[in-house]
Amino acid sequence: MRAAPGAAAAATTTRPVRPTPPGRAPSRVGPVATTARRRSVRGPVALVLAVLLLGGVAAGAWWFGWERWTTTPGVLNLDEAAATAELEDAGLQAEAGDPAYSENVAAGLVISTDPEPGGRVLDGGVVTLVLSLGPERYDVPDLAGQSEDQAQDALAATNLDFGESRGRWSETVPEGQVIRTLPKAGTTLKPGATVDLVLSRGRKPIEVRDFTGQSFEAARTALEKRRLQVAVSSEQYSDTVAEGDVIAQDPASGTLFRGDTVSFVVSLGPELVEVPRVRAMGVEAATELLEGLGFEVETERSDTYLGLGFVSSSDPGQGEEVPKGSTITLFLV
C-alpha cells in the first residue's frame, strides 16, 4: 500500500529550512550554540577558584610558617626575674631548667635558653632558662682518721682525684689512718684536682743504747732530747764505777717510743768511812776496830819505836774520810 502524498510531505517537512544567503556558509543552530556558551562561563570560574586556592595556600603558609611564631629574645646574663619579664613582654612563658656550672657566668644568671636566642618559638610558647651555679668547685673534705680506701672513696664522691699516699710517723694517729691531706681540708679546688694523703706509720721507734759506765748526766741529756723519760731508780756505792756514772740501766738497749722511761742506777762512788782515833791504843785493839770498819790494816815502827806495842799515829789520820776497804797504816811505839 502506498502512503498518501500529503502524509509523506508532512513527515519530511517538520521544520522549514531557511535558504542560505549567497556567499555565506550554512550555520549550525541548536546544540552547537549551547556548547559555546558553556565554555565561555567555565573559564572565569576556574580562574577565580585558582586565585582563591593560591590565596588560601599563601595565607596558610604565612600563618603557619611565620605569623604564629615568635623570635626568642636574648636574655643571657640576666637573672631569672629579669629574663622572665623579658620573655613575657614578648608573649612567651619562662620556666627554669636544670642549672649548670659556668666558669664565665655568675651564679644566678642565665647561661643559655631553649630555644636559643634568635630561635623561633610558637606564640605563648615556653622558653627554658638554664641558670648558672657559678664555677664548679669542691672543698677538700676532712679525711683525718679515715683509712686510705675510705679517703679515696670520699675524694671520688666530691669529684676530686686521689694523687698519692705519703707515710709519716705519728704519736696520736693509729697506723694506716689519714693524718691530713695535701692541700689541707677546706681548700677549694676545681673538679679533677689531685689531693694527696698523709698516712700514719704509727709511733716512731726510738733505739736506746747502753750508757753503763758513762756519765748519767750525759745519758739524761741524750735521752730527753729524744723525748724519753729518765728516772734514777737508786744510787749505790761502787768501788769500780766513779761517782755520777751509770752502774746499771733498764732497759739497757732495744726500741722504745716517745714518753717511755729509762731507769738508771747511779754510782755514789766508793763508800767513805771516817778514820777513828786509834792513838795510844794497843795494836791488837786498833787493828780490830779498823778492820771492823772495813779497812785493811798495816803496821810500821815509828821513829820513836820502843817495842811497847801501842799506836802513836795512823795514816790516813783521825777524822779523814776514805773509801771503805782502804788501807790504814798504824805507826807503833
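Trainee: Which residue in β15 stands opposite D250?

Mentor: This is a predicted model. D250 belongs to β13, which spans 246–250. β13 pairs with β15 (residues 261–269) in the antiparallel sense, over 4 bridges. Across from D250, the residue in β15 is S263.

Trainee: In what order do the strands of this open sheet lie?

Mentor: The sheet has 3 strands, with mixed pairing. β12 (229–237) and β13 stand at the edges, each with a single partner strand, so one side of each lacks a neighbour in the sheet. From one strand to the next, the twist averages 20°. The order is β12-β15-β13.

Trainee: Why do the buried residues of α6 lie on the same side of the helix?

Mentor: Helix α6 covers residues 283–292. Its buried residues are V283, A286, T287 and L290. They sit on the same side of α6 because the arc they cover around the axis is only 100°.

Trainee: Which exposed residues does the face of α6 turned away from its buried side carry?

Mentor: Start from the buried side, with V283, A286, T287 and L290. Now take the face turned away from that side of α6. The exposed residues there are E284, E288 and G292.

Trainee: Is L306 buried or exposed?

Mentor: L306 is in the loop between β17 (296–301) and β18 (311–315). With L308 and F310, L306 makes a nonpolar surface patch of about 340 Å². The cut-off for exposed is over 50% relative accessible area. L306 has 66% relative accessibility, so L306 counts as exposed.

Key
Residues numbered from 1 in each chain as written. Predicted model: local features only at pLDDT ≥ 70, side-chain atom pairs only at ≥ 80, totals over all residues. Heavy atoms only, no water. Pairing = 2+ DSSP bridges. Helix = DSSP H or I, 4+ residues; strand = E, 2+ residues; numbered from the N terminus. Axes fitted to C-alpha atoms, helices over the stretch in contact; angles between N-to-C directions. Patch = residues over 30% accessible without salt bridge, like charges linked within 9 Å, V, L, I, M, F, W, Y side chains within 5 Å. Areas by Shrake-Rupley, 256 points an atom, 1.4 Å probe, with all protein chains shown as cover. Salt bridge = Lys/Arg side-chain N within 4 Å of Asp/Glu carboxyl O. Buried < 20%, exposed > 50% of the residue type's maximum accessible area, 1.4 Å probe, protein only. Arc of directions from axis to C-beta.
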